[in-house]
Amino acid sequence: MPSANGKLKVGMYWAASCGGCDISLLEIGPRLLELLQIAEVVFWPCAADFKYANVVGYPDAFIDLCFFNGGVRNSEQEEVARLLRKKSKSLIAYGACASGGGIPALANLKSRDAIFDAAYHHNPSTQNPEGTEPQPLVETPLGELEIPEFYPAVLRLRDVVPVDYELPGCPPQADRVWEAVQAVAGGAVPLRNAGLKVGCTDKTVCDECSREKKQAKIARFKRHHQVRPEPGWCLLEQGLLCMGPATRGGCGALCLKADMPCEGCYGPPPSAEDQATSMMGALGALLDATTEERARELVAEIPDPVGGFARFSLASGYLKVAK
Amino acid sequence: MAEIASTAQGTAESPALWEPRIVGFLCYWCSYTGADSAGTARMKYPPNVDIVKLMCSGRVDPELIATAFAHGADGVVVLGCHIGDCHYISGNHKTMVRMPLVRRMLADLGIEPARFRHEWVSAAEGEKFSKLVTQMTAEVRELGPLNWPALLHERGVGHGADLPPWGE
């Protein structure tokens, strides 16, 4: 597998994401030196000066491991995704956005027109008297200017190109990243696979969480700025909306160790495709309600079912967009 | 994956052929028997509800409702035993918590409230069943096709599974 100089060729690209994934690769700490002993970086715009033209110049399947973080929001990102697919032996959707849409995919609750309207016309901090909007192609005296086209929805990487592995998490947890890199670099798993999830477990966050479940039913929903949670007791039972039962494990319940409820960044559990409805299913048995009226009252206390339950996975759920 | 829309529904070009397609999840013990009694009593109601019989309305995972809409249903109706009548004691207690949540999610996604109904229908309430189906079909017909697969297609999402392996 290693090429001429014996080193693994590694690439990393960011698309519609916050940049946290690039940082999270550095989070592997001193193991980065180990990685650099077995690998060389051939494309990583965030860390080193590589141009698209460099990648175009590479022969096909030149990059051994290519990490792609972020969703696909515009035509440039799709173009680069297709380019990197061609030039990579193993393309890995890195992080929640590339594998499930992530936070950017919450924009799928609005149409492209509504987004442009908010961003370029009716934003209190926007001054745009001429009503200018970005155009993919503009004629100027100096020639044509082209910018990427803004897509009507945020797509996952696998909506655009076949993906070999998906490494969920916002961002993926450093130990899991290192395990995944070792597995692929060491030849323990094939370079090509059908979008297999790596760097996570086949259980839920609840299975990894050390907090005690007292089988108490939720009597009131609270938000985490309103209460100081009792240590060691399940946050969901305390009325804090924790996505633990509807989220894939792998992070080691990190947020819960810091008294923060799980937000669901590792995506739906293996038993479900759609994280939001999976969470609704789980809540069914957890509420302290014996009458319909009480059930309605309690449910009304949940602030934002879509934004809360599908925060990182709207693009990978069943309905994906809002009408 | 076979889309519900592609079978009986009309298309944008031939809307006259369109008939509302409603998926009904009915519990075996009360609501299905209620629907059956409507049939036995020869009550008239539109044939637009495709009934899925389940052992309990508590079995209706919200995922099933999302799947039905995602595959092209114009409406979904969930019917179960009245609270207190559940054959499994508390199966429908789970339903009564989940359904208002589903309703809120669907509203956030822009699906009109009339497209999703959740009611309790006992084995003796054949008339309630036939009235409910008649009313819901009329309301959904008024709203027109939902056609979620077409919406996904229009926004360019949801075609990932159709890609050939490795793009070769």
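Student: Where in chain A is P171(A) found?

Tutor: In this predicted model, P171(A) sits in the loop that runs between strand 9 (165–167) and helix 7 (174–185) of chain A. The peptide bond that joins C170(A) to P171(A) is a cis one, with omega at about -10°.

Student: Which parts is chain A divided into?

Tutor: The assignment gives domain 1 (8–103 + 153–197), domain 2 (111–152) and domain 3 (201–323). Between the C-alpha centres of domain 1 and domain 2 of chain A there are 30 Å.

Student: How do you know that domain 1 and domain 2 of chain A are in contact?

Tutor: Residues count as being in contact if their C-beta atoms lie within 7 Å, and by that test six residues of domain 1 of chain A are in contact with five residues of domain 2 of chain A. On the domain 1 side, strand 4 (72–74), helix 4 (75–87) and strand 8 of chain A each give two or more residues, and the residues of that side divide into two nonpolar, two polar and two charged.

Student: How many residues of chain A are in contact with chain B?

Tutor: There are 40 residues of chain A in contact with 35 residues of chain B. At least two residues each on the chain A side come from strand 8 (150–155), helix 10 (275–283), helix 11 (292–300) and helix 12 (305–309) of chain A, and helix 10 of chain A gives the most, with six residues. By residue type, the chain A side holds 24 nonpolar, six polar and ten charged residues.

Student: What makes helix 10 of chain A largely enclosed by the rest of the structure?

Tutor: A residue is called buried if 20 or more other C-beta atoms lie within 10 Å of its own. Nine of the nine residues of helix 10 of chain A are buried, and therefore this helix is largely enclosed by the rest of the structure. The buried residues are Q275(A), A276(A), T277(A), S278(A), M279(A), M280(A), G281(A), A282(A) and L283(A). Their cover includes helix 12 of chain A, together with helix 3 (62–70) and helix 4 of chain B.

Student: Why are helix 10 of chain A and helix 4 of chain B called roughly antiparallel?

Tutor: Two packed helices are described by the angle between their axes and the distance between the axes. Helix 10 of chain A and helix 4 (residues 91–108) of chain B pack at an angle of about 155°, and their axes are 8 Å apart. Angles over 145 degrees count as roughly antiparallel, and these two helices are therefore roughly antiparallel to each other. Their crossing is right-handed.

Student: Which residues of helix 10 of chain A and helix 4 of chain B meet?

Tutor: From helix 10 of chain A come A276(A), M280(A), G281(A) and L283(A), and they meet V97(B), R98(B), L101(B), V102(B) and M105(B) in helix 4 of chain B. The residues of this contact divide into seven nonpolar, one polar and one charged.

Student: How many helices and strands does the secondary structure of chain B come to?

Tutor: Chain B has six helices and four strands, and from the N terminus on its elements run α-β-α-β-α-β-α-β-α-α. Of the 168 residues in chain B, 49% are buried. Among its contacts between residues at least 6 apart in sequence, 79% join residues at least 24 apart.

Student: Which residues in helix 2 of chain B are buried?

Tutor: In helix 2 (residues 31–40) of chain B, the buried residues are S31(B), Y32(B), T33(B), G34(B), A35(B) and A38(B). Among the elements that cover them are strand 1 (22–27), strand 2 (49–54), strand 3 (75–80) and helix 5 (126–143) of chain B.

Student: Why is R42(B) counted as exposed?

Tutor: The cut-off for an exposed residue is 12 or fewer other C-beta atoms within 10 Å; R42(B) has 7 such neighbours and therefore counts as exposed. R42(B) lies in the loop between helix 2 and strand 2 of chain B, and its phi is near 55°, a positive value in a residue other than glycine.

Student: What makes I89(B) exposed?

Tutor: Under the cut-off of 12 or fewer, I89(B) is exposed because it has 9 other C-beta atoms within 10 Å. I89(B) lies in the loop between strand 3 and helix 4 of chain B, and although I89(B) is not a glycine, its phi is positive, at about 70°.

Technical notes:
Residues numbered from 1 in each chain as written. Chains lettered and ligands numbered in written order. Predicted model: local features only at pLDDT ≥ 70, side-chain atom pairs only at ≥ 80, totals over all residues. Contact = placed C-beta atoms within 7 Å. Nonpolar A, V, L, I, M, F, W, Y, C, P; charged D, E, K, R; others polar. Domains from an automatic or database assignment. Axes fitted to C-alpha atoms, helices over the stretch in contact; angles between N-to-C directions. Parallel < 35°, antiparallel > 145°, perpendicular 65-115°, else oblique. Left-handed = near helix turned anticlockwise from the far one by under 90°.
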